[in-house]
Amino acid sequence: MSDHITTAKIPADAVRASVEKQRDRIKQDLTELVSFNSVHGDPSTKADTQAAKEWVKNALQAADFAVDEHVTDDGSVTLIGNRAGSPDAPTVLLYSHYDVVPAGDPSLWTTDPFALSERNGRWYGRGTADCKGNLVMHLATLRTVQELGGTQLNLKAVIEGSEEQGGEGLERLIRTQPDLFQADIIFIADTGNVAAGTPTLTITLRGTVQATVTVDTLRAPVHSGGFGGPAPDAVAALVRLLDTLRDEHGRTTIDNVDFSATWEGEPYPPEIFRTDAGVLDGVDLMGGPDDTPADLAWARPAISIIGFTSTPVDQAVNAVPARAAAKLNLRVPPGMKASDLADALTAHLKAHVPWGAHLTVDIEEMNDPFRANTDGPAFAALADALSAAYFDAPTVFSGTGGSIPLTTLLAESFPSAELMLFGVEEPLSTIHSPDESVSPDEIISIAIAEALFLLNYT
């Protein structure tokens with residue numbers, strides 16, 4: 001157990017009782033927050049985004065934070081709240097975000113995505129896990145801390161409004177006004193456990209490269225009866241080009257890039273990965289006999305074709321396509337730089353484009369990966385608190401394939417700070433998808449852990 005925390009000071013049972021009795025309040029908070037369709041940058045959701053911001057501001061003020069609004073360069077509002085403790089005590093920054101991804105087609109949801117519903121012990125709605133569930137977890141934590149005597153730690157809350165759109169506004173705010181974010185310990189509540197009930201600290205995040213690849217072969221589409229055969233088909237050219245990015249086992253491959261890294265942390269058993277990812281019966285996982293899901297998901301680059309443009313099937317005519325385009329999402333593992341992989345990807349595509357087709361590669365976004373420093377006292381103390389919150393289950397250390405660019409920037413801006421990633425999300429939450437959900441037990445347990453830390457860390 002860390003020398004900086006003793007759960008005997010404020011025991012886990014007392015903290016658990018305080019958080020547990022808030023279950024109805026937590027559900028009500030989440031019901032209200034989920035009702036806001038707070039997608040940043042969409043004119044149709046501007047009023048909901050503003051309402052969500054006001055809700056969060058009021059909640060932080062009710063928790064005795066002095067709150068300032070900062071309109072960022074991307075038009076979003078970041079809320080920064082401060083609550084003073086002892087002048088000599090460390091400062092802990094609590095992060096979350098109030099924006100969400102679009103809900104998409106409502107018919108794909110079992111119930112209204114903006115009306116919290118409960119089924120089989122889980123709460124459903126857009127943002128229940130990512131990230132409004134984490135936000136209400138922070139609020140439950142703060143109420144428990146106050147009830148059990150308060151903390152000497154200085155607290156800072158940073159709640160942003162455009163994380164799902166890249167968070168560029170907050171990033172520029174950090175670069176231009178770093179003093180606003182100065183902290184000794186940073187809690188990023190925007191990930192979660194490897195499985196419900198398994199306390200987890202995320203120690204690596206992959207970076208990302210977004211690229212649009214366009215192939216042109218003709219001045220305009222031509223009749224397939226008169227020209228099909230010798231006329232170069234742009235769709236066929238692009239399909240052949242994209243196929244060079246995978247080997248015979250389905251593994252991502254890019255010329256002159258090393259794909260031999262292996263994951264040394266908590267394993268991700270294939271049968272659990274299949275269930276979590278919803279892989280259909282009879283469909284193989286990518287990788288050869290010596291590869292593991294954790295290797296491919298957390299330790300190596302991976303490309304997904306997240307968009308493809310040609311003639312829609314319902315608009316097809318008998319013509320040879322002149323142009324085709326694909327959006328590629330390239331995930332960058334720790335130990336590699338996004339810019340290096342972007343260059344390698346571009347060179348690979350240029351080297352393999354077939355038939356002399358005209359190729360355009362537009363790199364639209366790059367974020368470097370993150371690896372946590374796991375040697376600090378706060379990291380050990382939070383691991384202890386998580387274990388205590390889950391009835392002494394050992395805390396595991398995991399990677400995640402997702403990207404949170406903010407983490408890398410904060411680590412670079414405050415190199416002496418300890419930064420921890422955790423939260424209420426877990427595989428059954430299916431964030432960003434229809435029927436997103438959260439387990440209320442996860443909100444309760446993570447709040448217990450965070451409260452134990454804030455009450456007992458010195």
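Tutor: We start from a bridge: the partner of valine 215 in strand 13 is alanine 324. The model is predicted, so local features need pLDDT of at least 70 and side-chain atom pairs count only at pLDDT 80 or more, while totals for chains, interfaces and linings use all residues. Residues are numbered from 1 along each chain as its sequence is written, and side-chain values use heavy atoms, with hydrogens and water left out.

Student: What makes strand 9 and strand 13 a pair?

Tutor: Two strands pair if DSSP finds at least two bridges between them. Strand 9 (residues 207-216) and strand 13 (residues 323-332) have 10 bridges, in the antiparallel sense, and therefore they meet the definition. Strands here are DSSP runs of E with at least two residues, and helices are runs of H or I with at least four, numbered from the N terminus.

Student: Why are strand 11 and strand 14 placed at the edges?

Tutor: The sheet is open, with 4 strands in the order 11-13-9-14 and antiparallel pairing. Strand 11 (302-309) and strand 14 (358-367) each have a single partner strand, so one side of each is left without a neighbour in the sheet. From one strand to the next the twist averages 20°.

Student: What packs on this sheet?

Tutor: Helix 7 does, touching strand 9, strand 11, strand 13 and strand 14; contact means heavy atoms within 4.5 Å. The direction of helix 7 makes about 20° with that of strand 13, where axes are lines fitted to C-alpha atoms, for helices over the stretch in contact, and angles run from 0 to 180 degrees between N-to-C directions.

Student: Why is asparagine 256 called exposed?

Tutor: Exposed means over 50% relative accessible area, buried under 20%, and partly exposed in between (1.4 Å probe, protein chains only). Asparagine 256 has a value of 86%, and is therefore exposed. This residue lies in the loop between helix 7 (234-243) and helix 8 (270-277).

Student: What makes helix 11 mostly covered?

Tutor: Of its 13 residues, 11 are buried, including Phe379, Leu382 and Asp384. Their cover includes helix 1 (12-20), strand 16 (396-400) and helix 13 (440-456).

Student: How do you know that the length of helix 11 (residues 377-389) is close to what is expected?

Tutor: The expected span is 1.5 Å times one less than the number of residues. Helix 11 reaches 18 Å from its first C-alpha to its last, close to the 18 Å expected. Just after helix 11, phenylalanine 391 takes a positive phi of about 55°.

Student: Which helix gives the largest share of the lining of the largest cavity?

Tutor: Helix 4 does, with 4 residues. Among the lining residues are Leu135, His138 and Ile159, and the cavity holds about 50 Å³ of space.

Key. 1 Å grid on protein atoms, 1.4 Å probe; cavity = no way out; pocket = protein on both sides within 12 Å on 5 of 7 lines; lining within 4 Å. Points joined across faces, edges and corners; volume = space filled by probe spheres on them.
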